[in-house]
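Visitor: I have a model open and would like to learn how to read its features. Could you walk me through some of them?

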Amino acid sequence: MWLLVMLLFGGCHGEKSFLDFSVPDLQGHPVSMREFNAFPVILVVNVASECGYTDRNYLELQVFQRDAELYEKYHDEGLMVLGFPCNQFGGQEPGTAEDILKFTKEKYHVTFPLFSKLDVNGESAHPLFVYLKKKLSGFVTDDIKWNFTKFLVVNHKPFKRYGTTTSPLEIENDVMQALHNSRHVDEFDDGGAADGDDDGRDEL
């Protein structure tokens with residue numbers, strides 16, 4: 001009888017969540033997103049080392065993660081930043097994993113997790129980004145338009161998407177609100193593409 005119930009209703013629980021994916025870190029070791037299960041708010045960013053947006057984004061992402069006051073306010077309340085290097089936009093992440101690690105540590109003192117270089121668009125897109133784009137559509141197309149597109153994940157569900165030209169600190173209010181309401185997501189905004197989502201301005 002239990003087998004019949006599973007066959008009839010098993011599909012109801014078959015949809016993936018953010019926690020179901022795994023991505024190699026910069027050393028090539030697989031990291032399950034379940035390692036971040038304790039964080040109700042996660043900011044996912046496709047990063048690059050040689051982009052015109054690199055400096056501002058890394059500096060502000062690091063402020064979210066480590067600045068003394070903001071660290072207590074955001075990280076300790078449950079914010080995690082995850083960076084995913086990608087070389088698909090203008091070849092602006094050409095280096096090796098060692099190059100990326102050295103660059104981000106020496107120039108920006110990055111402490112948030114960085115992962116192995118991956119693709120975010122096309123047939124070779126990593127399943128995590130296929131999932132994020134499916135859940136949060138973009139402007140004109142669902143493809144990511146450029147480096148430093150951001151996905152806000154709340155209670156392990158993709159919640160809001162921001163284009164390249166929206167800097168991390170420009171979404172500070174959304175992060176604060178998401179942290180405050182992370183146990184009552186329905187009280188937050190409707191989610192989806194951000195109001196005035198910058199993806200439209202990122203079209204090449």
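Visitor: Where does Phe148 lie?

Guide: Phe148 lies in the loop between helix H5 and strand E5; helices (H or I, at least four residues) and strands (E, at least two) are DSSP runs, numbered from the N terminus. This is a predicted model, in which local features need pLDDT of at least 70 and side-chain atom pairs count only at pLDDT 80 or more, while totals for chains, interfaces and linings use all residues. Residues are numbered from 1 along each chain as its sequence is written, and side-chain values use heavy atoms, with hydrogens and water left out.

Visitor: Is Phe148 buried or exposed?

Guide: Buried means under 20% relative accessible area, exposed over 50%, and partly exposed in between (1.4 Å probe, protein chains only). Phe148 has a relative accessible area of 0%, so it is buried. Its phi is positive, about 65 degrees, although Phe148 is not a glycine.

Visitor: Which residues of H5 are buried?

Guide: In H5 (residues 127-135), they are Leu128, Phe129, Tyr131, Leu132 and Lys133. Their cover includes strands E1 (22-24), E3 (41-47), E4 (79-85), E5 (150-154) and E6.

Visitor: At what angle do H2 and H4 pack?

Guide: Axes are lines fitted to C-alpha atoms, for helices over the stretch in contact, and angles run from 0 to 180 degrees between N-to-C directions. Helix H2 (residues 54-66) and H4 pack at about 70 degrees, with axes 11 Å apart. H2 and H4 are therefore roughly perpendicular, the word for 65 to 115 degrees. Thr54, Asp55, Tyr58, Leu59 and Gln62 of H2 meet Phe103, Thr104, Lys107 and Tyr108 of H4, contact meaning heavy atoms within 4.5 Å.

Visitor: What is the volume of the largest pocket?

Guide: Rolling a probe the size of a water molecule over the atoms shows where empty space is left. On a 1 Å grid over the protein atoms alone, using a 1.4 Å probe, a pocket is an open set of points with protein on both sides within 12 Å along at least five of seven lines; lining residues have an atom within 4 Å of a point. Grid points are joined across faces, edges and corners, and a volume is the space filled by probe spheres set on the points. Here the largest pocket has about 160 Å³. Of its 14 lining residues, Leu26, Leu101, Phe112, Pro113 and Leu114 are the closest to its centre. Helix H4 (residues 97-108) gives the largest share of the lining, three residues.

Definitions and conventions
Angles under 35 degrees count as roughly parallel, over 145 as roughly antiparallel, 65 to 115 as roughly perpendicular and the rest as oblique.
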